Amino acid sequence: MRYRRPIRAGALLGLAVLLAACAPAQTDSAESGADSMEGTLRVWLFSEVDQEPKEKVVDEAVAEFEAAHEDVTVEVQYIPVDSRAERFQGAFNDPSSAPDVAEYGNTDLAGYVEAGGFADISDELAEWKPYDRISDDVAATARVDGGTYGVPWFLGVRALFYRTDVFADLGIDTPQTLDEVVEAGRTVREEKPDMLGLSSGGAYTYGFLPFVWAHGGDIAEKKQGSYTAAVDSPESKAGLELYSQVLSEDVCPPQTCAQMTGNESVQNFIAGKAAMTIGGNFNLNAVDASEVAEDTAVIPLPGTEPGSVAPAFAGGNNLGVLAGTDHRTLSVEFTQLLAGKKYQQRMYEAMGNLPTLGDVQSDAAAADEEIGPFVETLESGTRFVPVTGAWAAIDAEGVLPTMVQRVSSGDASVDAAAAEAADSLDESFGGE
Amino acid sequence: MATPAPPLRVAGRALARLRRSGRLEPWVYLAPALVVLGALLAYPLYQLVLVSFYDYRQPQVTGAEPLRFSGWANYRTLLADPQFWEVLGNTVVFAGACVTGTLAVGGCLAVLATRLSAWVRTLLFLAALGAWATPAVTGSAVWLFLFDPSLGPVNQALAGLGMTGFEGHSWTYTKWSAFGLVLSQVVWCSFPFVMVTLYAGIRSIPGEVIEAARLDGASTGRIALSVMLPMLRPAMVIVTIQSIIWDFKIFTQIYIMTGGGGIAGQNLVLNVYAYQQAFASGQYGLGSAIGVVTTALLLAISLVYLRVLRRQGEVL
């Protein structure tokens, strides 16, 4: 048996050499530097539940672009929002199958930039006039560490939808503060036990965050370039406490509501099963087409004091140019065309998405009073999630929904759940 | 040997010796399978282990940040994470229950099938094949619909029978009720394999053996325990190991039916957890470490199981 030892040592050595010699694959991210003015321009846009109107607008823009540029074909692909993470990772890993221009959700950007996926187009935008008409709050959703990685294309802002008939029936006044919103929900549920007072789920992060922001709290604070969790601050906990009152038997029972996402929360309202919900301007068309259309009113979600507005999340989609493109000039031009005034207007008419250009916004608000509460919410200041690549992991692991759900199910107190969430956030921020 | 033989001659001689002793032939037959396994199994496994030793996240994949060999760091992070231990516990309990459930249902139906008249048996097999052929995604969606809180026929039927507590009852709200629902779906879609295999096993037991036992005065229970079960052991081994492996790495059903891991992640199992870490949040290194741990666990369980069987005197 003596001869076994050298063999084993040799095998171990061989394994060590193998491990040291081969490293996991890395994409060679050196940009091609090519800037071709012909060929195929590949564009990724998100698919929508009702996609036809969007496709129509985009087709018009493509036709206009192709007419202006000979020898250029624009190929648009619609990708599902749910699997976007995998799609974009694939695109960054293999630049030859990546698009030139892509629509992306603004919360995902920091991660994409960290991966080197998008090109900084600050210089091109500096010379593009319409860019000045995008407010700083909104433009910031396309900026990471001083670079600008796209043009905000449209926004989704949320406000409070409520049933005027139910409120009139029960003699409830329009709520002036967040506490009154919860109180109104309680009254409705007491009088009409088959209705949800306020349909807002445990997995509805952007329904929950305004509660935190309204109380002066936040997810995290940026200090000296790095983030520290702030969900366990007294202000944040006050917001969490109030939101956990929503997710209780007497407003929105956890059995039904704990797992609901934003979309499902709004669906309950559309189905007539809820007296209030926190819905976006992008839900307006669906509400208008439903049976509760006549009895629905929308106001900005009130803050803690009468007359104040709870800061909304500045969600929205941007158009950006991928770092690996070899059609940079064309890509920027196409982005500017699609995000420009003409097609923002069209997109607003087709999809009900809130425009990002100030002049298109005010035109829209003047022409259509339905959009008023959303523009008002936007104007009173919006907030955003931490701009860091760690957000993708935090979002995927459901750190905030977990915190809300643990409180609503009674598994943890507000203090305990907030402390756990803060630990888990700090771990993610530190892991960068 | 005075002069060293040229290397080629040595190799040739070694080959000849192998051929003489008949040791080369099996390898020639095995070669195609080994090549395929090597390419499709060994290489990915090697990559998995390799990646698990690196700090390998999205920026590293695209080359935006340099690669860093991090040694056991991913494993240390994993083992220090209480969530991992909870998920591991969930997985073991859940997979154990699934295996037991599948074997019990499949075994009972296999025995039943041997006693049914031909056409009833055909019906049973057709129904089972239907469940077997249903893709996991479709099956999960159908079960979710059946148990939907307000629209699902199950709740409507229960409420209709006077149990009004089930009106709007959510089956996925509490941890064990959600696991139970997924378990029933898993058992439903995997019992046919067990049933068909065991049925074939029972049928292959020669009638003479049973007859002999009966003549010796053995009762039906005695025959089942002491004659049929030992003869069924090879088939049992296969279905048990297969079930352990399948149920330990369940993904689709949990992912779909509990919405990616349930409320506050209460229904996470190892595979969904690995997916969440590796792909959804782009931490490939950590995700690979979970994959390696899962593989090691499965190997260990299978080996222990085989060992125990061998000790009982069964040559496989």
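**Notebook: a helix crossing and some ring pairs**

I began with two helices of chain A: α10(A) passes α20(A) in a right-handed crossing (right-handed if the near helix is turned clockwise from the far one by less than a right angle, left-handed if anticlockwise). I keep in mind that this is a predicted model, where local features need pLDDT of at least 70 and side-chain atom pairs count only at pLDDT 80 or more. Residues are numbered from 1 along each chain as its sequence is written, and chains are lettered from A in the order in which they are written.

Next I looked up the geometry. Helix α10 (residues 234–246) and helix α20 (residues 414–430) of chain A pack at about 120 degrees, their axes 10 Å apart.

Then I turned to the rings. I noted 41 aromatic pairs over all chains (Phe, Tyr or Trp ring centres within 6.5 Å; planes under 30 degrees apart are stacked, over 60 edge-to-face, the rest tilted). A:Phe313 and A:Phe384 are stacked, 5.8 Å centre to centre with 5 degrees between the planes. A:Phe313 is buried, at a relative accessible area of 5% (buried is under 20%, exposed over 50%, partly exposed in between, with a 1.4 Å probe and protein chains only).

Definitions and conventions:
Side-chain values use heavy atoms; hydrogens and water are left out. Axes are lines fitted to C-alpha atoms, for helices over the stretch in contact, and angles run from 0 to 180 degrees between N-to-C directions. Helices (H or I, at least four residues) and strands (E, at least two) are DSSP runs, numbered from the N terminus. Rings of Phe, Tyr and Trp (its six-membered ring) pair if their centres lie within 6.5 Å; planes under 30 degrees apart count as stacked, over 60 as edge-to-face and the rest as tilted.
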